[in-house]
Structures are given as structure tokens and as C-alpha cells.
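Hello,

Here is the structure for you to look over. My notes follow below it.

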Amino acid sequence: MERSAVRIEAPNELVRGQGQGVRYAVWEITLACDLGCRHCGSRAGKARPRELSTEECLKVVADLAVMEVQEVTLIGGEAYLREDWDQIAKAIGDAGMYCGITTGGRGFDDARLKRAIDAGVRVISVSLDGLRETHNAQRGTRDAFDNALATARRVAASPIQLAVNTQINRLSMVELVGLSELLIELGVKAWQLQLTVPMGRAADRADLLLQPYDLLDLFPLLDWIKREKLTPNGIDMFPGNNIGYFGEYEERLRYGGAAGTHWSGCKAGDGCIGIESDGAVKACPSLPTKQYTGGSALEGDVGDIVRDSPQINAIPKRSRDDLWGFCKTCYYGDVCKAGCNWTAHVLMGRPGNNPYCIHRALEHEAQGLREVLVRTKAAPGEPFDHGAFKTVTEPLEPKTDAAILGVPVESILQLRPSDLSLRSDHTKRLRLI
Amino acid sequence: MTDPKTPAGAVRQRSRSGLTRCTKCRRHIVAGPTPATTVCPFCDGRGGRRSARGGFLAATMLAMACGGSETAPVEDPVAQEQSEGQEATDETLTNAEGSEEANEEDNAEGDTVVSEEPEVVPVPAYGAPPPEPDDDFEEQPAPDMQPMARYGLAPARRPQE
């Protein structure tokens, strides 16, 4: 009742019960990219040696339509670097599916935006990982932030809905308040946040990652931002699949949480699939390619692959018996199933035990403990690869300073979009890596 | 356990996964056969045991946003909600002082008090019967969480068509 002045979030019509089929596909249509993001999971840059032709892409669109997929997000690399990207987008719309594009925004100029409008693209999500210096340091070019911002403004002024997505890591976390101010300025409708995890190039930069106990600071921060900045301005916060799980923040941060929606296990293969630009079909676009590819769209129907491949359809069938470590004994194990499979796998070498969990951090905190991630194995250097980490449990010192990651809360709250960065010392160090 | 703050006749949701929310600490908990028999393992229905670190940070941000000093003992909304009708065991209030000793003391005391408190059922004076417990969960649970892939594009919030 007290929130009657603001719009109450409600899950959209995409929501269906579990086991009712794939309704969301994320499709990497090329690995070519015009950015060199330091945290890119697919190590994008050059196109794959064999990417789907236009005809093959249109066949995939037809397959997805038969599966009654409702929404398709085109990603890369950078999707617009394929000449036929808008032809694929139009085919998706013509088949009755909702088409979105995620972009770094470096080259999404007026001409490309017009092509997107003509193709019927409904949503464009621009990646912003911090304010200027922080974003540029992560994205690998000096003009990345300005170009992304220009793209965002262009989209906001068009019929296409604007969303923003942000990686949360040691650089960006302290700039989230400043970023939220920028989102308000831009007229963004949706903000998706996710934790940077050690896949691809991010696996080479362990110092970019949050430690599990940093979630004890992150969740109150997100809660504050949502309450004070986003909701009053009509911006929906979408915590990604690797932000959770349960605890007092679940109903406040989870999209639809106030209406009772809660984390109910990883949706990979059950509601969501990923397709790589060479046709590889996975349960989720983020999962490691080698272990999770169920088949190739070049060789079969996408629906058949999803239905028949254990690499894909076994994930939703997991139970507590498949968990290990802390998650196996967790109160929420039966429902949570160790959260995001991708995150657990690339951190711990296999799914079923996920240290990126607020409930887990709180349980450790209650015992005066914290978990620290220590890298034990480097990644080999291939797309969607990962190394290995182990957790070390150690005493947690009580928090006595008003600071997050060493930055005073006062500075964090006062950060404005026009500021370059809060952590210029940190970004400089990142460049040297 | 009866929640004294739950209005008579109020219905609690039970999700498809069999979880409901503790009316005190708001954590998701496994729903019992009825709301009245559902017990929160985290707070025993008293709303205690919050994150010392999170509470400290929330209070600090709220104080600063309101223009106060960073050590002002300001409650966050949840703390305010929970503080009604309960003893001053909420760590947020005392930890906002920023004292290391206070934190340690609160942690120890909070855990002990919460774990050892017997179940509290409010009984009005003069022998009137206790409030009727909720006898069933809502049969129309909230939708399951939707898939959200990495790479950032949240499933679209479709305009009304």
C-alpha cells in the first residue's frame, strides 16, 4: 500500500511454469567483435572459422519458431558485424518471436539503428560496465564508453526499447550508484546486472572478481539502489542468474520478488538455450562449449537436439544428489540446486557447489567466517574456457568502516555520471595486466 | 507458529517449489502443511539474526542519503519493520555505531538469543483465545522465475498490446 505511488513490478508474460519448454534463446550469430573486452567469456574478436550462413541461420529461426520460442536475443561478438544481421532479426520477428539485440554499442550508428527499426527489433541492450574510465578499461578501447553512451541515447530516442546490462566486479561495483544516475538520465527501462565470473578473458584476471564475502556489501548496495534510484524512476532491475540466492534480499531484488517469485533453480535447458555462431546448441549461452554442447544446428533440428541431448536436458533434472560441498547440505539445496550452473562450473570445475551466494556468505558470516577464492589453475585460452579455483575459509573481521572495496560509501553515493571513475588507480592497474 | 503481525484471515503464498516467506525475517522458508505449522529456521519467527555487515552498510547508506553523519544510528526499512514488537536484538541498530566490540557482542548475543528462544505464541490477557492461525496457503502461487541469460538482455517487459 505504501508503494502505491510507484509501479509495482510484475513478471511478464514470458513466465511459464517449469518444464513447459524453451521460451528464450540467446544466439551468438558471430564471434567477430569490434571491442576487446577484458572479461569477455567467449574471447570474441575474430569470427569463427565456420559460422552459419544466411540460409542456415534462417533454418535455425524456423526451428526456434517450431519450438514456440517466444524471445530471441542476438549477441556476438557483435551481432551487427554480420552483414545479414538485420535479415535474421526480421525473420525472427516475422516468425512471431520477439527479437532483441545486446551490443557494446561501439558502431551502432544511425544507419544500423534504422536497419534495426526496419527489421522490427524490439529491445536493444547496451553494455555499460562503469563510468568512462572504468568502462573503457574493461572494454579495451578509449572510445568504448562514449560510443556506448551515444548508442544508448540513439536507441532511447527511437521506437526501440532501451535496456542496459552491467558486469559487477571489483571495478564496477563501487560505481553502480553513479551508473544508476546515468540510467535515469538515459531513460532506460531495464537494467540487468550480473557478476563477472572467470570464463574466457575474465579467467585471466582473477583480481577483477569479487570475493564471495563481497556479496555481503553488494546486496545491501543493490537493494538501496533499487529502492532509492530505480523504482522511483520506473527502471526495472533484473538481477542475472548468478545473483542470489534467497535470504532476506530475494524478495527485494529478484524481479517479481515482491509478488512471490523466487529463484527456483538454473533455467539452462529448461526455458533457455544458447546457440553459438557455428551452430553449437547449449543449454545456456554461457556454459563451457566442450562439456555442454548437445549438438549442431547444422546437423539437426534445434528442437530435437534440446529434447534428446543429455548435455542439455539433464541440467533441469538435477537434484540435491548432484550437489557437493556447502550446497549439498544447504537448507535451500532442493530448490536452488547450487544456483547458476555456469558460475559454479567455471569457479569450481564442475557444477553443484557455488560460492557466489548471499545465503552462503551470510551463513559463514554468522559463524564469523568468510570464503576466499584462490585460483589453482589458469585457463587454456580458448573461447568459453575456464581455469579452476578453490575456496579457503578464514575468519571474517567485523565491518567497522563505512567503505565498500576500500572506497568510502560517501564517495560512492556522491558519484555522478559526469565523473570519470572512482577507481582510476585500479583501472590503471588493470591496463597493465 | 502464529505471527502476531499477520492480520486475521490473511493468506500466505506458497510457491510451486513449496517455499513461503517468513513474515518476520522475510527469508524464504519451506512451507509446512499450513501457515500455522510453518517454522522459520532462521529466526524462529522473531525476525532476528540479520547480517551484521549488511545491516551496518544499509544503515550507513540510509544515514548518508538523508544527509546525516555516517555513524548515525539510523534504521533501514526492514529493521524498522522488524523492530516493532520485538526486543532490541536487531544487530542493525547497535552495529550502526561502528564499534568492533559492539559487533562482536551483538553477534554472539543475537545468535544465542535467537537459537534458544522458545516458540512464542501471543496469548491475549484475561483468557481470550489466541488469534486464529492462517489455515491454508494461497493456491495461486507467483510465477516461476524467468530465464535470464548472460550477456545482459533481460527478457523484455512487453508493452500492453
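In which loop is Lys337(A) found? Lys337(A) sits in the loop between α12 (333–336) and α13 of chain A. Helices here are DSSP runs of H or I with at least four residues, strands are runs of E with at least two, and both are numbered from the N terminus.

First, the ground rules. This is a predicted model: local features need pLDDT of at least 70, side-chain atom pairs count only at pLDDT 80 or more, and totals for chains, interfaces and linings use all residues. Residues are numbered from 1 along each chain as its sequence is written, while chains are lettered from A and ligands numbered from 1 in the order in which they are written.

Back to that loop. Most residues other than glycine have a negative phi. Lys337(A) is not a glycine, yet its phi is positive, about 55°. Ala338(A) lies in the loop between α12 and α13 too, with a positive phi of about 70°. Lys337(A) counts as buried, with 27 C-beta neighbours inside 10 Å. Ala338(A) is also buried, with 31 other C-beta atoms within 10 Å. (Buried means 20 or more other C-beta atoms within 10 Å of the residue's own, with C-beta atoms placed from the backbone.)

Next comes α13(A), residues 341–348. Eight of its eight residues are buried, so α13(A) is largely enclosed by the rest of the structure. Its cover includes β11 (369–377) and β12 (388–395) of chain A. Just after α13(A), Gly349(A) has a positive phi of about 90°.

Helix α4(A), residues 132–139, has seven of eight residues buried, so the rest of the structure largely encloses α4(A) as well. Gly140(A) follows just after, with a positive phi of about 90°.

Two cis peptide bonds to check:
- Gly76(A) to Gly77(A), omega about 20°; Gly77(A) is in the loop between β2 (71–75) and α2 of chain A.
- Gly244(A) to Tyr245(A), omega near 5°; Tyr245(A) is in the loop between β7 (236–239) and α8 (250–253) of chain A.

Last, the core. The largest nonpolar core has 152 residues. (Such a core is a set of buried Ala, Val, Leu, Ile, Met, Phe, Trp, Tyr and Cys residues joined through C-beta atoms within 7 Å.) Leu74(A) is among those with the most contacts inside it. Leaving out residues up to four places away in sequence, Leu74(A) touches residues including Trp27(A), Trp85(A) and Ile101(A). (Contact means C-beta atoms, placed from the backbone, within 7 Å.)

Best wishes

Notes:
A residue is buried if 20 or more other C-beta atoms lie within 10 Å of its own, exposed if 12 or fewer, and partly exposed in between; C-beta atoms are placed from the backbone. Two residues are in contact if their C-beta atoms, placed from the backbone, lie within 7 Å.
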